[in-house]
Structure formats: structure tokens, C-alpha cells
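Please look over the sequence and the structure below before reading on. The report that follows takes up a few selected places and then turns to the wider arrangement.

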Amino acid sequence: MGIISVENMDRLFWLGRYSERVYTSARLFADSFDRMIDMDMDNYAVFCSRLDIPNIYGSKEDFCERYITDEEDPNSIYSNLMRAYDNAIVLRNEIGSEPITYIQLSVYDMKKSRVMRAPLVGLQKVEDDILAFWGIVDDMIEDENMRNIIKVGKRVERLDLYGRLQMNRESIVREVHRLTGRIARTNLRYDEKNLKELKKLAEEEQIDYDRVVALADTLRKD
Amino acid sequence: MEIELTRRAETVNELLARYGVKFGIYKNNEFKEQLFPFDTIPRIIKKEEFAYLEKGLKQRVMALNCFIRDVYGDRKIIRDKVVPEEFVYISSGYLAPCDGVVPPRGIYTHIAGIDLVQGKDGSWYVLEDNLRVPSGASYPMIAREICRKSSPGTFEEYHVEDNRDYAKLLRWTMDYVNTGGHTVILTPGRYNAAYFEHSYFAEKTGAHLATGRELTVEDDYLYFVDYSGRREKVGAVYRRISDEYLDPMTFNEESVIGIPHIYDVYRKGHVALLNAPGNGVADDKGIYYFVPKMVRYYLGEEPILQNAPTYLPYYEEDMQYVLEHFDDLVLKDVAEAGGYGVVFANKMTAGQKEDFIALLKREPRRFIAQEVIDFKDIDIVENAKRVPRKADLRAFVLMVDEPVVWKSGLTRFSRNPDSFIVNSSQGGGFKDTWVLSQ
């Protein structure tokens, strides 16, 4: 394994988290958008409340425009994508130019989606880019530790989002298992007590979603 | 002659964007990343012509290396009055802490970027020597990779020296002086104009990219500190930060991007710094005037490459000439770089001229004056038409056991038809530089 600084280990983790946040929030938005077309115009308020983001949007149209591409909205998908980009761009030495190109492409595709009347078509391309990024992470990053740190970031973020959205029990159980298997294969420092509690929560009939979110977010000790 | 590659411009530019081939720029105190405009028509240098340039560039860099060693050592060139003392010691690039310090293997100018222009008669002139942190090699390197991908037929048809070996050359240069330990590329960070290049070189050479925060000095050695707190010894640092910010304990004490005491480690010979601190004394625009004299003095040879005709207002005779031919000259502030501080006398108003001449008389050491060379124009494609533009060539010379000239270079062009300024920071673009192998 190559030498890696604390800063870059942190960036790898957050690259995983932000790329997952972009991917999952784009997919969740797609579900909500579909309902907003002709069934439930105010569904965006529910969306915001479940994701625990402030509902600063004045209408369905305002939400659809700003939540996707507004640079000034810190919760927009665009802002989260730029955070992924900011982490990726300083990791060229660790992960190589090729994986970064997919994050770069997703930024271009996101910008293109600004002018589209059908936002889901543009977002689909962003999702494709992120999926390709994960594929290339698996394929091209030889250092197992680095690869796994990105994936731990991804798993933590997914658990956080699934917890907030109170997804079904099976989804939470699956993500806890994936995270448990992955984190043990990194050199990340993490709280074993928290992980144990997460595993225990996943065995229970009724998931304590708030606790899942809290444990996922405080799992890392660095 | 139409090269097939020029019909693939759109593909090439899409790929350059995909690979994030950018440079950073500050506008109104805000950092922006911009794609570096690329033109697919290459500058083509014939094999024999490059052989001539290669010989001249090697000679020039050898002499410059001798000069730096001498200035911080015996100072023979000053004692022999070839270069006036005051030109050396008042140069902002002269750093007193470098006196008596000899770098590993006596190499100061590990990576030199020599800016050349070609006159309309085909003669080459050196415009500037860059011996501190010359940037730009990464751009033709990645552009070539992308051009080959976009138009393989072009490279079947033309026999062009492969320039993708730059990373190998750079690694060799770093390893050659490494004192034992890891090789690091030191960057000021993400918001530096040339960050793309720093990270790209780190990837391609296999060196570690680090900021000052990741390096520390302990017991006279330099270490990279990894995530677990483990210290790994560093033997060579290709630093992409200026001398003054390198070590707050020796140079600018306000530097927050440097590494405290790194200069002490270097002084003791425990780490190599590429390029050596203090090189600015030799690429000062005022010292440039003396480079042909250095070639004669140190190497006993006639200079192969010529300077652009230059005058030093510091000398009375030259001042007289400058005043008499003011309108025909370009004036350069020796302390400025990046195309800044360059004024063409014929573009000044009468009032500006009067003020400038007064300033020149007050501070004659601050400026050099040069004849305006009528550069040979190079075609670029603009709005689907070929149009001529001014262009220069930055050639890269790397020093190992002897100087090695990279068989390519960065050709920068002005996008403004009325301008001679080619710098990217001022809107210029770049081209690949082909050196024909047959």
C-alpha cells in the first residue's frame, strides 16, 4: 500500500459520501418528480422534510429548478456534486485521472441539464456518470485500502439517507451488512461500539431510524 | 497542407474537457478554473532545426547552472567584472541564505523552461529563461495523448517524436538527485493556477503529491506524515512553490504553505530541492542580458542561441539608445512575470511616454528594453477559418548527468490578432509542438 496522508484519507471518504449523495438524491428526486407532475404538486415539502433539508422553495417549479442545479443552494444536487468534484480533483495522485473524468463528466452533464425542460433526462446522465465512476473505482484503483475507503463513504452515506427516508427494514439490513464487511477492510479508525450497535439495531423488528442515522454519522473516529 | 487532426478539433477539445485540462485564474479575488484553449494545428519543427535548438539550449542551461553555482560560491564572474556586482545583489531573485550552499550533485537548474520566438526570417531568439518553477509541460503531453486517440491516422502519416516520455525524464531528474527516501511534488494546493499540472505529474511520475501540511522536519530530515502518524523519509522535493514561501524560518516568515526548517535540511544535504532555491538570480530579466557573456565565460564557446536585442538603461550608452529609439522598443519590468509589466512604447500616449521616461531615469535598473521582434505567425483555427497569430515556444531542459532537451515543448499563442502576449493568464491558448523524427 502506498503512503497516504490523513487529509487524503478523509477526502477519499467524502468523495464516496458525496458521490453517493448525488446518486441517491437524484434517484429520490426522480420518484418525487414523477408524483409532482400530475398527482401531488406539493410533494416537494414531504421530500424536504424527509431529507431534513429546509424547504426554502416557493413552488413545485422553484423546487425542481433550484434543488437540482442551483449553485447557491447548499442542499442542491449540484452543490453536492461540486463537493464530490472538489474532493476528487485533489486525489488524482491517489485514484488516477481516469476515475476523475467521470466526476468531471457528471459536472458537465449536470450543467447541461439546466436548460432541459425534462430534468430527469439530464439527471439520468448524471446518474450514469456516477455509476461509471464506481465501476472504474473497482476496476482501476489497485490499492485496496483506498478503494474500500471510498466505498465505506458510499455505504455510510447510503445508510444515512435510507435512515432519514425510513426505507424498509430489508434495505437498512443490507446496507448495515455491506458497511460492516467493508469497513473492516480499511485502515480507517472507527467506533466498534457504534458498529456493534448498528448491527444489533438491524436485527430488530422495528428499526430505530434516528439512531441508525446518528450511529452512521459518528462511526468514524478520525 | 492539411493535417487530418485539424478535422478532429471538436473531439480533441471534448476529451481535453473530460480530462479537466485546466488552469486556475483569480478574477476579482475569486478563483476560477478555465479550460486552456487548444488549437489542433501543431507547431512543426524539423529534425535538423530541433538539433540546432537542442545544442543551443543545452549550452545555455549549462552556462546558467555554472552562473548560479558561481554567484553563491566563488563569485569569479563578478570579480572578473563580466557581470556587474550590483546587478546580482539587487536582483530580487538573489537570496543571501543560499550563499555557500551546494545542492546535491551541484545541480541548480533541474527543470528549465526557456522561452523562444522565431523571427520571420526563421532565426530563433531566446526571450526569457525560467529557472524557478517553469510550468506548462503537462499540457502538450496530455494533448498529444488525446490527439493520438482522436486521429491515429495523423500519427501514422507524420513521424513525430513521442513527447509522452516527459514523465519518465522528470522522474529520472528527481531520482538523480534524491538523497534517499520518497520523491514528493510539493504544491501550494488546489487553488494554484498550475494545480492540474502538479497533480498530473504526480500521477504520471509516481511521486507523492503533498502540501506543506503533510511534510515535517525532524532531526534535520524531512518526512512525509501518513494517516497513521508514521513518518516516511523524503529524499527529493520537486517544489512548485516560490522560493519566498518555501520555508518561513528562512524566507518569508508569513508563509503558511511552506515547511518550517526545510531549508536547513537542504543546507545539510539531506534532501534535494528541485529547482534549487535562489535560481531567480539567473532568470532575472536584467541578468538575461549577460547570458551570452556567461556562455563565453564559463564554457569558452560562442553562444549558439541569441538573445533578442536587449538594452540595459542602467548603462549610459544603452539609456541613450533607448531614449533615441523609444518608440521602436518594448519595455519590461524585471520584477514582473506572466506577461505583466510589459509595455510597447508605440502604444503609449504622449503623457504616458513622458511619465515612463521619467520613471526609467529614476529607476534604470528596474527595466530592460528590447527590439520588437516580428515573430513568425502561426496559424490557428478560429470560427472555422485559419488565421495567423503570434506564438512563442517554451522548451524544457532537464538536468541529469548532462542537460536533456525534451523533444517537444509548449507553444503558446495569442488569441488577440493585435497582441504579442501569449500567456494563458491573459487569454492565450496552446498548441502541441511536433519535433519530426525523420
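## Backbone features in loops of chain B

His261(B) is partly exposed, having 18 other C-beta atoms within 10 Å. In this model, which is a predicted one, His261(B) sits in the loop that lies between α9 (243-246) and α10 (262-267) of chain B. The phi angle of His261(B) is near 75 degrees, which is a positive value in a residue other than glycine. As background, most residues other than glycine have a negative phi, and most peptide bonds are trans.

Ala384(B) also has a positive phi, of about 65 degrees, although Ala384(B) is not a glycine. The loop that holds Ala384(B) is the one between β17 (378-382) and β18 (385-389) of chain B. With 6 other C-beta atoms within 10 Å, Ala384(B) is exposed. A further backbone feature is the peptide bond from Leu274(B) to Asn275(B), which is cis, with omega near -15 degrees; Asn275(B) belongs to the loop between β11 (272-274) and α11 (291-299) of chain B.

## Glu232(B) and its contacts

Glu232(B) is part of strand β10 (residues 231-239) of chain B, and it counts as partly exposed, with 14 C-beta neighbours inside 10 Å. Which residues does Glu232(B) touch, not counting residues up to four places away in sequence? They are Ile3(A), from chain A, together with His182(B), Tyr223(B), Phe224(B) and Asp226(B) from chain B. For Glu232(B) and His182(B), which are 50 residues apart along the chain, the separation of the C-alpha atoms is 7.3 Å.

## Where chain A touches chain B

The contact of the two chains brings 18 residues of chain A together with 19 residues of chain B. On the side of chain A that touches chain B, the elements that give two or more residues are α1, α5 and α6 of chain A, and the largest share, six residues, comes from α6(A). Sorted by class, this side of chain A has nine nonpolar, seven polar and two charged residues.

## The two domains of chain A

Chain A is divided into domain 1 (1-141) and domain 2 (144-222), and the C-alpha centres of domain 1 of chain A and domain 2 of chain A lie 20 Å apart. Their contact takes 23 residues from domain 1 of chain A and 16 residues from domain 2 of chain A.

On the side of domain 1 of chain A that touches domain 2 of chain A, at least two residues are supplied by each of α1 (6-38), α2 (43-51), α5 (92-95) and α7 (119-140) of chain A. α1(A) gives the most to this side, with 13 residues. By class, the residues of this side of domain 1 of chain A divide into 12 nonpolar, three polar and eight charged.

## A pair of helices in chain A

How do the axes of helix α6 (residues 97-113) of chain A and α7(A) cross? The two axes come within 9 Å and cross at roughly 175 degrees, and α6(A) and α7(A) are therefore roughly antiparallel to each other. The residues of α6(A) that meet α7(A) include Tyr102(A), Ile103(A), Leu105(A) and Met110(A), while those of α7(A) include Leu123(A), Val126(A), Ile130(A) and Phe133(A). By class, the contact of α6(A) with α7(A) has 14 nonpolar, three polar and five charged residues.

## The two domains of chain B

In chain B, the domain assignment gives domain 1 (4-303 + 390-435) and domain 2 (309-371). The C-alpha centres of domain 1 of chain B and domain 2 of chain B lie 28 Å apart, and the contact takes 11 residues from domain 1 of chain B and 10 residues from domain 2 of chain B. The side of domain 1 of chain B that touches domain 2 of chain B has four nonpolar, five polar and two charged residues.

## A sheet of four strands in chain B

Strands of a sheet pair through backbone hydrogen bonds, either parallel or antiparallel. In chain B, an open sheet of four strands has the order β13-β16-β14-β15, and its pairing is antiparallel. The edge strands are β13 (310-311) and β15 (342-344) of chain B, each of which pairs on one side only. Within this sheet, strand β14 (residues 329-333) of chain B and strand β16 (residues 367-371) of chain B run antiparallel and are joined by five bridges. Leu331(B) stands opposite Ala369(B), which is in β16(B).

Conventions. Residues numbered from 1 in each chain as written. Chains lettered and ligands numbered in written order. Predicted model: local features only at pLDDT ≥ 70, side-chain atom pairs only at ≥ 80, totals over all residues. Domains from an automatic or database assignment. Contact = placed C-beta atoms within 7 Å. Nonpolar A, V, L, I, M, F, W, Y, C, P; charged D, E, K, R; others polar. Axes fitted to C-alpha atoms, helices over the stretch in contact; angles between N-to-C directions. Parallel < 35°, antiparallel > 145°, perpendicular 65-115°, else oblique. Buried ≥ 20, exposed ≤ 12 C-beta atoms within 10 Å, placed from the backbone. Pairing = 2+ DSSP bridges.
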